[in-house]
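These are my notebook entries on one protein chain. I wrote down what I looked up, in the order in which I looked.

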Amino acid sequence: RNDIAGEEVSLPHTWNAHDVFDDDRTYKRSIGWYRKELHFGKEYANKRIFLWFEGAGQVADVYVNGAFAGRHRGGYTGFGYDVTDKLRHNPDGSSDGLVAVEVNNAHDPYIPPLSIGYASYGGLYRDAWVIATGDIHFTGVNNNSGGVFLSTPDVSGGKGTVSIRSTVANETGKPVTFTFVNDIY
């Protein structure tokens, strides 16, 4: 749809990038909307579709085809939503969706930073991604990770121990057996 006037931008984007260069020490605090039409061919018919945002300053409401997908508060963490059920699924196996993201960078006394000593950017100021998975997938897209957590609990004298932890979602509706393989370089 093209019913709302606006300018075409590429992500990452902020509406107040030049505020840090003027002399009045204020930042544009307002609401902005981003819209993107997504089309998925029939090869995605059996995939789960997630939207992943690396950062939005600072409250973001995400909609797909007019349906609310979720709200994220805080401008410095990533967030994502499974939007599979919000897409229009066509008879030929393809699907599409109009993604609309409302971003608000107005001051909020409950969202850090409470005072500004640096640029307070508004908008989708980091990259955004579409992630397609199968019905068995890592769940990390909803908690700011790739779903696989690595740690090194013991490192000394030229050797170390690596601990790997993950959570996998099974959305097939039935028990499954699978193999999880890790290659660490």
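The entries below go from the whole chain to single residues and pairs.

**Entry 1: ground rules.** I am working with a predicted model, in which local features need pLDDT of at least 70, side-chain atom pairs count only at pLDDT 80 or more, and totals for chains, interfaces and linings use all residues. Residues are numbered from 1 along each chain as its sequence is written, and side-chain values use heavy atoms, with hydrogens and water left out.

**Entry 2: the whole chain.** I looked up the helices and strands, and found 0 helices and 12 strands. Both are DSSP runs numbered from the N terminus: helices are H or I with at least four residues, strands are E with at least two. I then looked up burial: 35% of the 185 residues are buried. Buried means under 20% relative accessible area, exposed means over 50%, and partly exposed is in between (1.4 Å probe, protein chains only).

The chain exposes about 11900 Å², and carbon and sulfur atoms supply 51% of that area. Accessible areas come from the Shrake-Rupley method with a 1.4 Å probe, and for residues only the protein chains shown count as cover. Next I checked contacts, meaning heavy atoms within 4.5 Å. Of the contacts in the chain with a separation of 6 or more, 67% are between residues 24 or more positions apart.

**Entry 3: S94 and S95.** I found S94 in the loop between β6 (88-89) and β7 (95-104). Is S94 buried or exposed? S94 counts as buried because its relative accessible area is 14%. Its side chain makes a polar contact of 2.6 Å with that of D92. A polar contact is a pair of N or O atoms within 3.5 Å; within protein, one must be able to donate a hydrogen and the other to accept it, and residues adjacent in sequence count only if both atoms are side-chain atoms. Residues up to four places away in sequence aside, S94 touches F40, G41, K42, R88 and H89.

S95 lies in strand β7 and is buried, at 6% relative accessibility. Apart from neighbours within four places in sequence, the contacts of S95 include L38, H39 and F40 as well as L87 and R88. I also noted that S95 and Y44 are 51 residues apart in sequence, with their C-alpha atoms 8.0 Å apart in space.

**Entry 4: H137.** I looked up H137 in strand β9. H137 is buried, since its relative accessibility is 7%. Leaving aside neighbours within four places in sequence, H137 is in contact with R48, F50, T167, V168, A169 and E171.

**Entry 5: salt bridges.** I found 6 salt bridges in the structure. A salt bridge is a side-chain nitrogen of Lys or Arg within 4 Å of a carboxyl oxygen of Asp or Glu. One of them joins R48 and D82, with the closest N and O atoms 2.9 Å apart. This pair links distant parts of the chain, as R48 is in strand β2 and D82 in strand β5, 34 residues apart. R48 is buried at 12% relative accessibility, while D82 is partly exposed at 25%.

Another salt bridge, between D96 and R88, has an N to O distance of 3.3 Å. D96 is buried at 14%, and R88 is partly exposed at 40%. Salt bridges with shared partners join E37, R88 and D96 into one network.

**Entry 6: aromatic pairs.** I counted 6 aromatic pairs. Rings of Phe, Tyr and Trp (its six-membered ring) pair if their centres lie within 6.5 Å; planes under 30 degrees apart count as stacked, over 60 as edge-to-face and the rest as tilted. F53 and F79 form a stacked pair, 5.0 Å centre to centre with 20° between the planes. This pair also links distant parts of the chain: F53 is in strand β2 (residues 48-53) and F79 in strand β5 (residues 79-82), 26 residues apart. F53 is buried at 5% relative accessibility, and F79 is buried at 3%.

Y63 and F68 form an edge-to-face pair, 5.5 Å centre to centre with 65° between the planes. Y63 is partly exposed at 22%, and F68 is partly exposed at 45%. Ring pairs link W33, Y63 and F68 into a cluster.
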